[in-house]
Amino acid sequence: MTAAILKHEKFGGMPISVAMPAAEKQAPAADESPPVRRHTPLVEKYRDEIVEFIRATIPVVFGLALFVSIWAMLAAHSTLPGPIKTFHSAVGVFSDPFYRKGPNDQGIGWNILMSLGRVGIGFGMAALIGIPLGFMIGRFRFLSGMTAPIISLLRPVSPLAWLPIGLLVFKAANPAAIWVIFISSIWPMIVNTAVGVREVPQDYLNVAKVLNLSEWKVFTRILFPASLPFVLTGIRLSIGVAWLVIVAAEMLTGGVGIGFWVWDEWNNLNVEHIIIAIFTVGIVGLLLEQMLMLIARRFEYR
Amino acid sequence: MERFVAVENIDMSFKTKHGIFVALKDVNLAIREGEFVTLIGHSGCGKSTLLNLVAGLLVPTNGVLLCNKREIAGPGPDRGVVFQNHSLLPWLTCAENIYLAVERVFGESESKTQLKARTLKALDLVQLGHAADKRPNEISGGMKQRVGIARALSMEPKVLLLDEPFGALDALTRAHLQDELLKIVAKTKSTVLMVTHDVDEAVLLSDRIVMMTNGPAATIGDIVDVDLARPRERLGLVNDSRYHQLRGRVLEFLYQKQMRPAA
């Protein structure tokens with residue numbers, strides 16, 4: 001970057017950007033200037049980062065500590081298992097996550113994987129249909145008018161209301177659960193993709209017109225990259241909804257899965273396991289969200 | 001006079017919430033091949049509308065537009081447009097942005113190697129060969145605008161249309177790019193139609209300055225022939241009495257005849 005500017009300078013000689021490389025050179029110089037050199041250089045080098053990290057971590061630690069102490073207090077005055085009891089139970093559960101003792105008694109690892117599998121299939125199919133549909137709705141006003149009333153009617157329906165339809169059509173619990181995931185996670189992707197396509201800046205579309213680009217090039221070079229951030233937001237919302245719904249769906253349909261596990265442990269009155277399940281659902285959801293945020297950040301322009 | 005670009009009896013009106021707004025009324029203009037014409041006027045006088053008509057982005061309400069004896073029926077590669085806000089696609093590198101244009105115009109008749117050579121040639125023309133693999137957000141505003149110019153020129157257009165191309169730049173960068181544009185146009189012998197609101201820019205660059213009256217129903221108020229010898233030197237013109245005379249005529253038109261009430 002610096003080299004490019006310098007080269008440009010030689011040619012253009014604009015005094016304004018001369019300041020830039022100079023400023024860049026000054027920054028490292030400031031780091032070297034402290035006269036005391038006895039500190040280990042590594043600590044010195046990352047001092048700002050370390051201070052920043054501590055500053056960011058302290059409130060998190062306090063928050064968690066407060067949460068756990070409130071939990072412990074509540075537990076002391078009720079039948080709710082306390083943090084320590086739950087922790088010991090969790091160590092037991094996670095020490096052997098992949099055991100199999102018959103269809104209704106399997107390790108938590110299997111339960112999570114089965115739930116993730118259902119979410120993956122249901123959400124994947126929703127993405128395969130929802131994103132292209134969203135593109136077409138965003139691009140063609142007629143299609144948008146056609147689908148708008150149906151989408152606004154079906155979108156607010158509670159996900160579990162679709163379960164009986166799934167059971168009726170598929171006559172089996174597992175596809176019915178996947179169907180619920182599909183139908184509840186498709187809406188954010190359709191709506192966000194359509195908005196993304198509609199919001200593509202007119203400047204870019206003018207470029208397409210002036211360059212006389214083919215419809216395919218308009219799609220691959222302009223519409224798709226321009227609306228990608230919106231599409232990724234839709235995907236993120238969808239996967240959040242899917243993970244939210246799977247627990248409820250599995251409670252009703254049974255089989256192996258984290259939602260069924262919660263219900264099973266309720267029947268066994270093993271409350272520690274229910275709390276472990278709640279934390280596990282939360283953590284997996286958080287990881288899914290973070291993963292998608294990471295992908296989304298790669299496609300931020302400007 | 002040979003009419004390379006012809007604007008004949010153009011009326012342009014837009015439908016708005018408050019009824020029909022007449023932007024242009026009875027505009028006639030002819031541009032010779034290789035001529036550099038600027039459109040100048042107060043903001044809102046319809047100069048950009050006129051440029052967009054020639055670009056084919058707008059369709060006139062009345063009248064005919066011709067380019068190289070053919071009616072303008074929409075945007076086409078024979079007219080390269082440079083927008084005010086560069087309009088580069090941020091997800092493509094500078095070279096890819098230009099390649100997109102090159103591929104569209106020459107893709108059917110030339111090999112990929114030839115297309116790439118054209119892309120690099122266009123970048124070299126604006127002295128940006130070193131920025132080929134940079135994204136638009138990694139280069140300065142002036143550099144972006146130069147890539148925009150390179151993209152327009154890479155299509156080898158018959159006419160280059162510039163819509164306030166330097167309007168968003170600081171004064172020093174603007175002067176620098178004006179000098180650059182003078183050199184490029186001298187080299188490529190392009191026919192240019194440029195919208196500006198900068199009097200010095202207009203006098204420095206043009207063969208003719210088309211001055212527009214205030215809207216609504218704007219039209220061409222007067223045309224100044226800039227008979228300064230080329231190649232023109234910014235510093236040489238500082239003491240040129242003819243330059244100041246021409247500059248005075250444009251200023252007089254803008255600030256006396258077409259004085260705008262303070263907006």
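How many residues of domain 1 of chain A are in contact with domain 2 of chain A? Keep that in mind while we set up the view.

This is a predicted model, in which local features need pLDDT of at least 70, side-chain atom pairs count only at pLDDT 80 or more, and totals for chains, interfaces and linings use all residues. Residues are numbered from 1 along each chain as its sequence is written, while chains are lettered from A and ligands numbered from 1 in the order in which they are written.

**Stop 1: chain A and its domains**

You will find 13 helices and zero strands; helices (H or I, at least four residues) and strands (E, at least two) are DSSP runs, numbered from the N terminus. Buried residues make up 29% of the 302 residues in this chain, where buried takes 20 or more other C-beta atoms within 10 Å of a residue's own, exposed 12 or fewer, and partly exposed lies in between, with C-beta atoms placed from the backbone.

Now color residues 2–94 of chain A as domain 1 and 95–298 as domain 2; these bounds come from an automatic or database domain assignment. Back to the opening question: 10 residues of domain 1 touch eight residues of domain 2 in chain A. Contact here puts two C-beta atoms, placed from the backbone, within 7 Å. The domain 1 side of chain A that touches domain 2 has six nonpolar, three polar and one charged residues. In this scheme Ala, Val, Leu, Ile, Met, Phe, Trp, Tyr, Cys and Pro are nonpolar, Asp, Glu, Lys and Arg are charged, and the others, Gly among them, are polar.

**Stop 2: H6 and H11 of chain A**

Next, select residues 108–139 (H6) and 215–253 (H11) of chain A; their axes come within 10 Å and cross at roughly 140°. Axes are lines fitted to C-alpha atoms, for helices over the stretch in contact, and angles run from 0 to 180 degrees between N-to-C directions. H6(A) and H11(A) are therefore oblique to each other: under 35 degrees counts as roughly parallel, over 145 as roughly antiparallel, 65 to 115 as roughly perpendicular, and the rest as oblique.

Show side chains at the contact, including A:Phe123 and A:Ile131 of H6(A) and A:Trp243 and A:Glu250 of H11(A). Its residues divide into 11 nonpolar, three polar and two charged.

**Stop 3: where chain B meets chain A**

Bring chain B into view. The contact takes 24 residues from chain B and 21 from chain A. On the chain B side, the elements giving two or more residues are H2 (94–106) and H5 (171–188). By class, that side has 13 nonpolar, nine polar and two charged residues.

**Stop 4: H2 and H4 of chain B**

Zoom in on B:Cys94, B:Asn97, B:Ile98, B:Ala101 and B:Val102 of H2(B), which meet B:Val147, B:Ala150, B:Arg151 and B:Ser154 of H4(B). The contact has six nonpolar, two polar and one charged residues.

**Stop 5: B:Phe166**

Finally, select B:Phe166, in the loop between strand E7 (159–163) and H5 of chain B. Is B:Phe166 buried or exposed? B:Phe166 counts as buried because 24 C-beta neighbours lie inside 10 Å. Leaving aside residues up to four places away in sequence, B:Phe166 touches B:Gln145, B:Arg174, B:Leu177 and B:Gln178.
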